[in-house]
Amino acid sequence: MHLKHINNSFKTFILFAQFIAILKPSYINRFGVSMRTIKRSRLKAPSVNTTKTKLAFCLLSATVLLTACGEQIKSESTPASPEAKSAKNTLINTDDFNIKAMVKLPQTVECTLENGLQTQCAQVVLKYQPDNIEVGPFCPETLDDVGGIWDWDGTDAGLYRLDKAFLTMLNEQGFTFYDEDGKVHIVDNATIRPTVEHACINVSVDESVEITALLPLHPVMSEQSTALGTVSKVGIALAGVPIFSDAPSVQHTGHLPALDTCAGHIDPGGWYHYHGTASDIDSVYKHEHVNANCNNLTQKPSALFGYGFDGYPIYGSQEIDGTSPTELDSCNGHTGPVGESGIVTYHYHASNTFPNLPKCLKGVVAQNNFTTTAQAGVGAKPPEGTKLTRHEPPGGGGPKAGGPNGGMLPPGFAEAANKLGVSEKVLMQAMQKAGGPNADLTVVAKALNVTPEQLKAALPEKPKR
Ligand SMILES: [Zn+2]
Ligand SMILES: [Zn+2]
């Protein structure tokens, strides 16, 4: 097929999809990019703790010794009381997590990975937001105020500060977020349904929320990487804040769930989470010429930001020696030395473009790895008898398991992104930057670092009526 034909097919497809997308239920796609080799790296430590010597011994030992090491680690790491230095002897150093974000100290628990493997996980129980982190501002109250940031995916796509220049640009594109007096329409859409077509979403917090997350202590490489566009859940930051992939698109909901300048906002469930590598987000602002700084988290491009839900560590855009990482794979990760210890493990790096997160997860995640006591939002399992005062926003306000846009992306788009090893948002943005529905596919291919043939093969066919 010719590019031109594909172009037209795709254009028609997008137009068609816009009509049918809202009718389709969200779906979870678990296809991923095949890996040539299946690696097992159960005892490759993402970071090292006080048992360096023992771990080194375990790593060097024959298989027969592994069980013994594992049991020893496990027995020593089971906390008996809050006073106990919990999870001290595990591969993830839970001491690195922000204690001010914790409901209780992290524990080592038995868990089952999605491939059925019984193993151990670090269980972290987080508050709705850390006590020592001041979040926001999100929406600017008026055109004369300055709010957080937004990653605009319409015409003139890119990362913007939420200010007068940006909001008037959106107004020119038909998205009016303010009234005649310049007052911005701000709505807490977890408790109120917006009455305006375009509202800046600023969800109120629910201080009662507790979030329970499981991170595998012995990461296992998956046979297929999992594109984050389809799972949304990235990991947990050391700050004690969950990390999610792409926030919903204004194009699909009409509303704008504003991020603060650390790339975080409040989920419909009332808890704070990041949509970027917050500890290295200033590098993105510098690269994308956005006048913003993250004030709630120390900026350090070589720092460990957190752990993916597969247990692999996520670093900023630099190695510990300040050099740029090399030979990064499609998930923006590679195997190499990390941290002060220089231990060799698979790990992810932030990029300097938004969202500066891993593009996919290489490892296997634990079953039921994210639950909250919240009334709505991701992982919501409110305790029985909870009087519900919050609701799910209509496709916006927070990440959904069905996709980065609340499961509203065209069917087939997730697979296309997956085949190409990029997030749906990255693919959508590349299409939009290259001309929207009339995108020049050779330009898109170049932007995605794939061949035009690979792009053609991955893009969805024109749907048949
Ligand atoms: Zn590295
Ligand atoms: Zn969100």
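**Entry 1: I201 and its strand.** I looked up the bridge partner of I201 and found P257 in β11. The model I am reading is predicted. I then turned to the strands themselves: β6, which covers residues 200-201, pairs with β11 in the parallel sense, over 2 bridges.

**Entry 2: the open sheet.** I traced the order of the strands as β5-β6-β11, 3 strands that form an open sheet with parallel pairing. I noted that β5 and β11 (256-257) each have a single partner strand and stand at the edges, so one side of each lacks a neighbour in the sheet. For background, I recorded that strands of a sheet pair through backbone hydrogen bonds, either parallel or antiparallel.

**Entry 3: I186.** I located I186 in strand β5, which spans residues 186-187. Is I186 buried, exposed or partly exposed? I recorded it as partly exposed, because 19 C-beta neighbours lie inside 10 Å, whereas a buried residue needs 20 or more. I next listed the contacts of I186, leaving aside neighbours within four places in sequence: C139, E141, A199, C200 and N202. I also checked H198, which is 12 residues from I186 along the chain; the C-alpha atoms of the two are separated by 9.2 Å.

**Entry 4: a hairpin.** I moved on to strand β16 (residues 333-338) and strand β17 (residues 343-349), and found that they pair in the antiparallel sense over 6 bridges. Within this pair, I saw that G333 stands opposite Y348 in β17. Which residue in the turn has a positive phi? I identified G339, with a phi of about 65 degrees, in the hairpin that β16 and β17 form with 4 residues between them.

Definitions and conventions:
Residues numbered from 1 in each chain as written. Chains lettered and ligands numbered in written order. Predicted model: local features only at pLDDT ≥ 70, side-chain atom pairs only at ≥ 80, totals over all residues. Buried ≥ 20, exposed ≤ 12 C-beta atoms within 10 Å, placed from the backbone. Contact = placed C-beta atoms within 7 Å. Pairing = 2+ DSSP bridges.
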